[in-house]
Amino acid sequence: IAVYAQHGQAEEAFQLFEQMQLEGFNPDEVTLISILVACSHAGLVDKGHHYFNFMRQDLGITPMVEHYNCMVD
């Protein structure tokens, strides 16, 4: 996911993220940073907000500085 995000392939990162969850793996803080980077690099502000809220509300992950950096970027 991180490699796709860093190389501007946001859709591939999102697909892999969804597949990961379908197979029963819960995303962690680092995975969510990669998803937010993908949103940032692709200019997908609304999708970034969606994942940020999903992380906080659905997964119960407290945002770290790195998450906020992605949101500002």
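In this predicted model, the axes of helix 3 (residues 29-42) and helix 4 (residues 45-58) come within 8 Å and cross at roughly 165°. Helix 3 is therefore roughly antiparallel to helix 4, a term for angles over 145 degrees. Axes are lines fitted to C-alpha atoms over the stretch in contact, with angles from 0 to 180 degrees between N-to-C directions; helices are DSSP runs (H or I, at least four residues) numbered from the N terminus. The crossing of helix 3 with helix 4 is left-handed, the near helix being turned anticlockwise from the far one by less than a right angle.

Helix 3 makes this contact (heavy atoms within 4.5 Å) through L32, I35, L36 and C39, and helix 4 through K47, G48, Y51, F52 and M55. Seven of these residues are nonpolar, one is polar and one is charged.

The largest nonpolar core has 19 residues, of which F14, F17, A38 and Y51 touch the most other members. Such a core is a set of buried Ala, Val, Leu, Ile, Met, Phe, Trp, Tyr and Cys residues joined through side-chain atoms within 4.5 Å. Helix 2 (10-22), helix 3 and helix 4 each give two or more residues to this core, and helix 3 gives the most, with seven.

Beyond its neighbours within four places in sequence, F17 contacts I1, P27, T31, L32, I35, Y51 and F54. T31 lies in helix 3 and is buried at 16% relative accessible area, the cut-off being under 20% with a 1.4 Å probe and protein chains only. Leaving out residues up to four places away in sequence, T31 touches I1, F17 and M20.

Residues are numbered from 1 along each chain as its sequence is written, and side-chain values use heavy atoms, without hydrogens and water. Local features need pLDDT of at least 70 and side-chain atom pairs count only at pLDDT 80 or more, while totals for chains, interfaces and linings use all residues.

Notes:
Angles under 35 degrees count as roughly parallel, over 145 as roughly antiparallel, 65 to 115 as roughly perpendicular and the rest as oblique. Ala, Val, Leu, Ile, Met, Phe, Trp, Tyr, Cys and Pro count as nonpolar, Asp, Glu, Lys and Arg as charged, and the others, Gly among them, as polar. Buried means under 20% relative accessible area, exposed over 50%, partly exposed in between (1.4 Å probe, protein chains only).
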